[in-house]
Amino acid sequence: MNITHASFVTLPVADQDRALRFYRDVLGFEVTADLRMPPGRWLQVAPKGAQTVFTLSGPEMGGFEPGSARGIMLVTTDVDADCARLAEAGTEVRGPEEYPWGRMASFTDPDGNGLMLLTEKEGF
């Protein structure tokens, strides 16, 4: 096996413009692709410099169920500050809590896709 990284993660959304506002304006992701193509819009976002991007897939793109993604872990240098920013933007955040591997919190995007924030402890 010669796999080097994941290219993209699909996040099923009902409204791509609403999802874009959340991922770009609240999470600070950059738009890496926004193309019109059959059968719909190919919209991708990512944290600056990331290898893996997130495809905000509308209902016409593959029949994914909006809000069905779970367990997407986002690593951050300051989980507490990011949780405060999410709360200020009106996002319900659970945590952060301390674990042996780091400090972690969870939240959902506007469609209900489950995401987590993690500040890793040194050595993990």
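Visitor: Where is Pro96 found?
Guide: In this predicted model, Pro96 is found in strand 6, which covers residues 93-99, and a cis peptide bond joins Gly95 to Pro96, with omega about 10 degrees.

Visitor: And which residues does the cis bond with omega near 10 degrees at Pro39 run between?
Guide: That cis peptide bond runs from Pro38 to Pro39, with omega near 10 degrees, and Pro39 has its place in the loop between strand 2 (30-37) and strand 3. As background, most peptide bonds are trans.

Visitor: Changing topic, how many residues are in the largest nonpolar core?
Guide: The largest nonpolar core has 23 residues, and those with the most contacts inside it are Tyr23, Leu27, Leu56, Leu74 and Phe107. Among the elements that give two or more residues to this core are helix 1 (16-26), strand 4 (53-57), strand 5 (72-75) and strand 7 (102-108).

Visitor: What does Leu74 touch?
Guide: Leaving aside residues up to four places away in sequence, Leu74 touches Leu27, Phe29, Phe54, Phe107, Leu115, Met116, Leu117 and Leu118.

Visitor: OK, what about the largest pocket, how much space lies in it?
Guide: About 350 Å³ of space lies in the largest pocket. Of the 14 residues that line this pocket, the closest to its centre are Phe29, Pro47, Leu74, Val75 and Leu117, while strand 5 and helix 2 are the elements that give two or more residues to the lining.

Visitor: How do the residues of that lining divide into nonpolar, polar and charged?
Guide: The lining of the largest pocket divides into nine nonpolar residues, two polar ones and three charged ones.

Visitor: Back to strand 4, is Thr55 buried or exposed, and why?
Guide: Thr55, which is found in strand 4, is buried, because its relative accessible area is 3% and buried means under 20%. Not counting residues up to four places away in sequence, Thr55 touches Phe8, Val9, Thr10, Leu11, Trp42, Leu43 and Gln44.

Visitor: And Gly58, buried or exposed?
Guide: Gly58 lies in the loop between strand 4 and strand 5, and Gly58 is buried, with a relative accessible area of 3%. With residues up to four places away in sequence left out, Gly58 touches Val13 and Gln16.

Visitor: How many Å apart in space are Gly58 and Trp101?
Guide: From C-alpha to C-alpha, Gly58 and Trp101 are 34 Å apart in space, and they are 43 residues apart in sequence.

Key:
Residues numbered from 1 in each chain as written. Predicted model: local features only at pLDDT ≥ 70, side-chain atom pairs only at ≥ 80, totals over all residues. Heavy atoms only, no water. Core = buried A, V, L, I, M, F, W, Y, C linked by side-chain atoms within 4.5 Å. Buried < 20%, exposed > 50% of the residue type's maximum accessible area, 1.4 Å probe, protein only. Helix = DSSP H or I, 4+ residues; strand = E, 2+ residues; numbered from the N terminus. Contact = heavy atoms within 4.5 Å. 1 Å grid on protein atoms, 1.4 Å probe; cavity = no way out; pocket = protein on both sides within 12 Å on 5 of 7 lines; lining within 4 Å. Points joined across faces, edges and corners; volume = space filled by probe spheres on them. Nonpolar A, V, L, I, M, F, W, Y, C, P; charged D, E, K, R; others polar.
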